[in-house]
Amino acid sequence: MDIPYETVRARVAEGDKLRPPDDRTGKPFSILTIDEEAVTVRTARGGRVRISPFTFDTAVKYLQDLGISGDTWLEVKDEVFQAVLNSENDRVRAASYVLAILAKAGLVDVDGSRPNKVRLAAPGEAP
């Protein structure tokens, strides 16, 4: 498999507008910058969140290691998953943004109904 962050850079563009996984409460955000060092998003409230490449790579690896694909889903709020992603991003909470960006890149599927869930996208299901 390619490096997830390289796929993100190839399929996600500055200016893209995305929504976090929660269909009911997720507020739109946009991609401000994307380069080899990070993705920076503008939140719905106008703030900025910087997300390291390792956070995207770790999210995909975590799902791969647990075999979260096909009919198997992981709740987005899973405490271990959240902790792993936060630690990879210098303790800045960004899991919702990471998952929305990975979904845009075609690397994960997100179920935005309650409870929000994520799984690896089937190979070849790129947007």
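Visitor: Before we look around, what counts as a salt bridge here?
Guide: Happy to start there, and do keep in mind that this is a predicted model. A salt bridge is a side-chain nitrogen of Lys or Arg paired with a carboxyl oxygen of Asp or Glu, and the cut-off is within 4 Å.

Visitor: How far apart are N and O in the salt bridge of Lys 61 and Asp 65?
Guide: Both residues lie in helix H2, four residues apart, or about one turn of the helix. Lys 61 is partly exposed at 47% relative accessible area, while Asp 65 is exposed at 56%. Their side chains meet with an N to O distance of 2.8 Å.

Visitor: How many residues apart in sequence are the parts that Arg 9 and Glu 36 tie together?
Guide: The side chains of these two residues form a salt bridge, 4.0 Å from N to O. Arg 9 belongs to helix H1 (residues 4–11), and Glu 36 sits in the loop between strand S2 (29–34) and strand S3 (39–42), so the pair links parts whose separation in sequence is 27 residues.

Visitor: Are H2 and H3 roughly parallel or roughly antiparallel?
Guide: The axes of H2 (residues 53–66) and H3 (residues 79–88) come within 8 Å and cross at roughly 155 degrees. Angles over 145 degrees count as roughly antiparallel. The two helices are therefore roughly antiparallel.

Visitor: Which class has eight residues in the contact of H2 with H3?
Guide: Among the residues that meet are Phe 54, Ala 59 and Leu 63 in H2, and Val 80, Phe 81 and Leu 85 in H3. By class, the contact has one charged residue, two polar and eight nonpolar.

Definitions and conventions: Residues are numbered from 1 along each chain as its sequence is written. This is a predicted model: local features need pLDDT of at least 70, side-chain atom pairs count only at pLDDT 80 or more; totals for chains, interfaces and linings use all residues. Side-chain values use heavy atoms; hydrogens and water are left out. Axes are lines fitted to C-alpha atoms, for helices over the stretch in contact, and angles run from 0 to 180 degrees between N-to-C directions. Angles under 35 degrees count as roughly parallel, over 145 as roughly antiparallel, 65 to 115 as roughly perpendicular and the rest as oblique. Contact means heavy atoms within 4.5 Å. Ala, Val, Leu, Ile, Met, Phe, Trp, Tyr, Cys and Pro count as nonpolar, Asp, Glu, Lys and Arg as charged, and the others, Gly among them, as polar. Buried means under 20% relative accessible area, exposed over 50%, partly exposed in between (1.4 Å probe, protein chains only).
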